[in-house]
Amino acid sequence: MKTRIYLLPLWLRLWHWSNAVLIVILTVTGASLHFSDTHLTMVSFARAAQIHDIAGMTIVALYVFFLTANAVTGNWWQYIPKPPGIMARSLRVMRYYAFGIMRGERDPHEPTPDSNFNDMQASAYFAIMYLVMPVVMITGLIFLFPLTAPDRLFGLDGLFPVAVVHYMAGAAVVLFAILHVYLGTLGHTATSQYKTMITGWHEGDLPSGRTSSRRAR
Amino acid sequence: MQKRRRWLAIAFGLIVASMLSASAADAQSTAALDPAKLAEIRDQNAKCFACHSPEGLKSPPRQDMDLDKLKTMLHDPALYETSSHGRVECRTCHGVGATTFPHGANLKAQVSPCSECHAAKVFRIETQFDASVHAKTQKDKFTCWSCHDGHVYNIAAKIGAPHKIIAQDNAMCLDCHNSDLQFSKFAPVDKRRPLIGRIHEWLPNTQLHWAAVRCVECHTPAGRGFSHEILDKSKAEKNCVSCHSRDSSLRTRLYRHLLAEEEETLGFVNSVILPHAYIIGATRNPWIDGAVGAVAALLIVGMLVHTVLRLGAALWRRRGRRPA
Ligand code: HEM
C-alpha cells in the first residue's frame, strides 16, 4: 500500500533550491569568463566577473549553513555509505537503473527518514559535497583574492594551478549536476522526486508501519 | 678501455671548447664597443659620479659645494650602466660645461635634445607624441624627458622580464598621476588630480592589474608595435575581452618581445604568458576544454538513450505484450 512520509525538512529544501540556482548562475557566468570570446558567452565579461564573485561568496555562505545544519540535525549521517555490502548494494542500484527500471521493477532502495539515499547516491553526494565543492570554493576564494596566491609555482604563475583546479573541479560539479537532474526523474514517476524536494513528502510503497527498508532486504 | 677513455676525454674537451667559444661570442655581442673605449666611457662618467651619486654625497671631493642642492641631483651608477644610455658619456648630452666645477651657469639649457642623436626615431615618434593628450594640452611643458628619465630608462626588449617592464613603464605614468605635486607642475592651474584607483574602479582586482599590465596597454591605440599617442580618456580600452581572450591584445603589446620564445607549455594557448600571469580567457587549454565537452556530450547522449529506452519499455509494458 501507499505510504506518505515526511522525508525532507524545510531547511534542507530551501538550501537545495538556493544551491541549485547558484550553481546554474555560477556555471553560466563561469563559462562566460572561461570562453570569453566564443558563442558560449552569455553574459559580458565584466558583468560575468561581477555576478560570479557575488554568487560565489553566497554559495560559500550557504555551504557553511549546510554544514552547520547537517551537524545540528544529524543529517550528515545520510551521506556516509554504510558498510558492509556497499558494493553489492550499489551494484544492485546500478543494475536497476540500467535494466530493472525498463522492466518496471521496484527500486531496490526505498527512502526512509533515517536512510534517504541509496548507497550510490550517498557516495556520490559525499564526494561532491564534501570533497569537490570544498575544492571549488577554496580555489574560488583564492581567485577572489588573487594576491593571496603564491607568486610563482613550478616556474609558472602562482594563480595557474588555482585556476586550472577551479575550472576542472567546477566542471566536475556541473557534469554531476546535469546527471543529478536526470537521475531526479528516475523516481516512482518522472516527477515524484521533484515533488518531494518541493513539498518534503515522499509517496512511498513500503508496507505500512515499516520505516526502514535496509535490513528487510 | 683505453680507447673509451680517450674518446671521453676528446668529447669533454669539445664540450669545454664549445662553451668557451659560446661565452666569448656572448661577451662580444653585449660589448659592441671595444674594451678600451668602454673603459674610457666609464672613467669619464666616474668623474661625474664622484659627486652625483650617493657615495659622492657621503664623501664629497670638494668642500665648496651646495650639498643640499647636490642631494637632489644624485644618480645611481649601477642603474645608469644598465640603462639604454649606459654607454653614453654624460658630457655627450650635458656638454663640456659640465666637466668643470663650478659648472657653467646655464648648464640646464645646454642639454642635447633627443633629436640630436635619434633623428629618425624622434621623427617617427614625434607625430604620435604630438597627437597625444599630453602634447595637446601641455605642449610647452611636456617633453620626451617628462616620461623618459634617460639616466635610467631601458627599452622593453632589453629588460625582457614582463614584471620589470611593467614596473618601469607604470612608474613613468604614476610619477605624475600618483603625485599631486608632480601633477600640478604640468596640469592647468585649476585641474585637480583624479585618483587613479577611483578612475579605474570599474576594473576589478585593480592592484593585480597594475602589477600585470601597463597603463599604455589601454591608453594607446591598438596596432603593431607601440604608439606614443596617449589617447583621450574616452578612447581608452574598457573592453575586458581585448586582453581576456585567445587573441589577447597583450600578444602585440607587453608580450611582443617574448613571442619568439613561445612554446606550447602543457598544450596551453598563449603559453608565453603563463610563467608571468594567468589571464582568464587567454591562457586556456583546448585539450582540457575538449575533454570537458566530450564528457558532457557523452553524458547527454547517454541520458537521451536511457530516456528513449525507458519510454519504449513503458509503452511496451502498457500494451501488455511483455511476457510476465
Ligand atoms: C559550480 C560552481 C562553480 C563553477 C562551475 C565555476 C566556474 C568558474 C570558471 C569556469 C571560471 C573561469 C576560470 C578560468 O577560465 O580559468 C571561474 C572563475 C572564478 N570563480 Fe568560479 N566557479 C564555481 C564556483 C565558484 C565559487 C564557489 C567561488 C567563490 C568563492 C568562485 C570564484 C571564482 C572567481 C573569483 C573567479 C575569477 C573570476 C572572477 O573574479 O569572477 N567560483 N569560475
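1. What pLDDT does chain A average, and what percentage of the residues score at least 70? This is a predicted model, and chain A averages a pLDDT of 88, with 93% of the residues scoring at least 70. The exception to note is the stretch 207-217 of chain A, where the pLDDT is below 50. In the model this stretch has 24 contacts beyond near neighbours in sequence. Those contacts should be read together with the pLDDT below 50 of residues 207-217.

2. Chain A holds 6 helices and 4 strands. Read from the N terminus, their order is β-α-α-α-α-β-β-α-α-β. The C-alpha trace of chain A spans about 60 × 35 × 35 Å along its principal axes. Chain A has 217 residues, and 45% of them count as buried. Among contacts in chain A with a separation of 6 or more, 69% are between residues 24 or more positions apart. Chain A has an accessible surface of about 11500 Å², and carbon and sulfur atoms account for 73% of that surface.

3. Which protein atoms are donors to the iron atom of the ligand? They are NE2 of A:H52 and NE2 of A:H166, which lie 2.0 Å from the iron. The pair is 114 residues apart and links distant parts of the chain: A:H52 belongs to helix 2 (residues 45-73) of chain A, and A:H166 to helix 5 (residues 159-183) of chain A.

4. Why is the arrangement around the iron atom of the ligand octahedral? The 6 donor atoms subtend angles of 84 to 179° at the iron, so the arrangement is octahedral. For comparison, ideal angles for six octahedral donors are 90 or 180 degrees.

5. Are the two histidines buried or exposed? A:H52 has a relative accessible area of 17% and is therefore buried, the cut-off for buried being under 20%. A:H166 is also at 17% relative accessibility and counts as buried.

6. Leaving aside residues up to four places away in sequence, A:L26 touches A:H52, A:A55, A:G56 and A:I59. One of these, A:H52, is a donor to the iron atom of the ligand.

7. In chain A, the bond joining A:P83 and A:P84 is cis, with omega about 0°; A:P84 sits in the loop between helix 2 and helix 3 (86-100) of chain A. In chain B, the bond from B:F101 to B:P102 is cis, with omega near -5°. B:P102 is in the loop between helix 6 (90-94) and helix 7 (119-131) of chain B. Most peptide bonds are trans.

8. Two asparagines of chain B have a positive phi: about 50° for B:N205 and about 55° for B:N270. Most residues other than glycine have a negative phi. B:N205 lies in the loop between helix 13 (196-199) and helix 14 (206-212) of chain B, and at 34% relative accessibility B:N205 counts as partly exposed. B:N270 lies in the loop between helix 15 (215-219) and helix 16 (286-318) of chain B; with a relative accessible area of 4%, B:N270 is buried.

9. Chain B is divided into domain 1 (115-239) and domain 2 (285-312). The C-alpha centres of these two domains are 51 Å apart.

Methods: Residues numbered from 1 in each chain as written. Chains lettered and ligands numbered in written order. Predicted model: local features only at pLDDT ≥ 70, side-chain atom pairs only at ≥ 80, totals over all residues. Heavy atoms only, no water. pLDDT = per-residue confidence, 0-100. Contact = heavy atoms within 4.5 Å. Donors = N, O, S within 2.8 Å, 3.2 Å for Na, K, Ca; no water. Tetrahedral: all angles 85-135°; square planar, octahedral: opposite > 155°, others 65-115°. Helix = DSSP H or I, 4+ residues; strand = E, 2+ residues; numbered from the N terminus. Buried < 20%, exposed > 50% of the residue type's maximum accessible area, 1.4 Å probe, protein only. Domains from an automatic or database assignment. Areas by Shrake-Rupley, 256 points an atom, 1.4 Å probe, with all protein chains shown as cover.
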